[in-house]
Amino acid sequence: MQFLIKLKRESEASQFALNYQYQLSAALEGIFEQADFSKLQLFLNEKNEFVRYIPFTFSNLELDKIKIIKEKGSLIHQGDEATLDIRILLEEDATDYLFHLIHGKQISLHSGEDTVKYRICAIEVVPPPVFKGVMVYSAVTPVFLFDQSGLGGSEFISPTDSRYPELFKTDLLKRFASAIPELKSITKLDHYCPEIEFQPISQVEEEEIVFNMYQYELVHLKGFRYDFKLKASPLLQEFGYYAGFGAQNSLGFGCVNVKNLD
């Protein structure tokens, strides 16, 4: 399901880091962890009371009025309203429960000793797209994809790299299988779903994200924004749309919009 969340700034403090993804992700996870998971039906209507994590991704915050301070790596929210697009891998019958879980909750973003506090004041349910065997997407937030086959550890891969289509397919299948209890034992995912085809169809824009995850360690991520065509089952299309494509989805990356087929 997809929610457009409206937030209201409640604090006098208004400055926070430009790369706020980790803090925002942690705040959302804190809200979701308060859920009674026995009441939620996970993807494919499979109930699993032992699951304590909901796959999700989200867009960037849309702020009504901002001032960016590049030298400090921060921004000042000069207004008091913000919106956030959240995608959550849950069935529609959990909408009412999740609505009441999220509504009224506080989200805090920190910068030094200052804390910018927002309250979730309104939630709009976004109708789902019609998922087909061939879809075209546009990246709302950067898509990260790693190649972990080299001796030097993980390597960020560009969509223009010849390895990318196969890695994209394997990553999608791996995350899909991990979300379905019956599929977790499957190995050699590259042998499955040979019909899956990935094709970038726009100029690829590189974007590096640097943020402080634990107050001590700077994390560098290199992702890419681009449009792409994906041939896959509607079930996998739906999974990628709500759970995100690529890696670091719970940090808000790999969030996409559907585009019309030309």
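Me: How many residues are in the protein chain, and what percentage count as buried?
Reply: The protein chain has 262 residues, and 44% of them count as buried. Buried is under 20% relative accessible area, exposed is over 50%, and partly exposed is in between, with a 1.4 Å probe and protein chains only. This is a predicted model, where local features need pLDDT of at least 70, side-chain atom pairs count only at pLDDT 80 or more, and totals for chains, interfaces and linings use all residues. Residues are numbered from 1 along each chain as its sequence is written, and side-chain values use heavy atoms, with hydrogens and water left out.

Me: How many helices and strands are there?
Reply: Four helices and 17 strands. These are DSSP runs numbered from the N terminus: H or I of at least four residues for helices, E of at least two for strands.

Me: Which strands make up the four-strand open sheet, and in what order?
Reply: The order is S13-S16-S10-S17, with antiparallel pairing. Two strands pair if DSSP finds at least two bridges between them. Strand S13 (197-200) and S17 are at the edges with a single partner strand each, so one side of each has no neighbour in the sheet.

Me: What joins S10 to S17?
Reply: Four bridges, between antiparallel strands, with S10 covering residues 134-139. Tyrosine 137 is opposite valine 258 in S17. H4 packs on this sheet and touches S10, strand S16 (227-231) and S17, while its direction makes about 15° with that of S10. Contact here means heavy atoms within 4.5 Å; axes are lines fitted to C-alpha atoms, for helices over the stretch in contact, and angles run from 0 to 180 degrees between N-to-C directions.

Me: Where does asparagine 249 lie?
Reply: In the loop between helix H4 (234-243) and strand S17 (256-259).

Me: Buried or exposed?
Reply: Asparagine 249 counts as buried, because its relative accessibility is 8%.

Me: Which backbone oxygens does its side chain reach?
Reply: The side chain of asparagine 249 reaches that of phenylalanine 245 at 3.1 Å and that of phenylalanine 253 at 3.0 Å. Leaving out residues up to four places away in sequence, asparagine 249 also touches several others, including Phe56, Thr57 and Arg175.

Me: New topic. Which residues touch the most other members in the largest nonpolar core?
Reply: Leu7, Phe16, Leu24, Leu28, Leu61, Ile88 and Ile102, in a core of 34 residues. H1 gives the largest share of this core, five residues. A nonpolar core is a set of buried Ala, Val, Leu, Ile, Met, Phe, Trp, Tyr and Cys residues joined through side-chain atoms within 4.5 Å. Another core, of 27 residues, lies apart from it, with Tyr137, Phe168, Leu172 and Tyr241 among them.

Me: What does leucine 61 touch?
Reply: Not counting residues up to four places away in sequence, leucine 61 touches Leu7, Phe16, Tyr20, Leu24, Ala82, Thr83, Leu84 and Leu109.

Me: And where is aspartate 85?
Reply: Aspartate 85 is in strand S7 (residues 81-88). At 15% relative accessibility, aspartate 85 counts as buried.

Me: Which side chain has a polar contact with aspartate 85?
Reply: That of glutamine 2, at 3.0 Å. A polar contact is a pair of N or O atoms within 3.5 Å; within protein, one must be able to donate a hydrogen and the other to accept it, and residues adjacent in sequence count only if both atoms are side-chain atoms.
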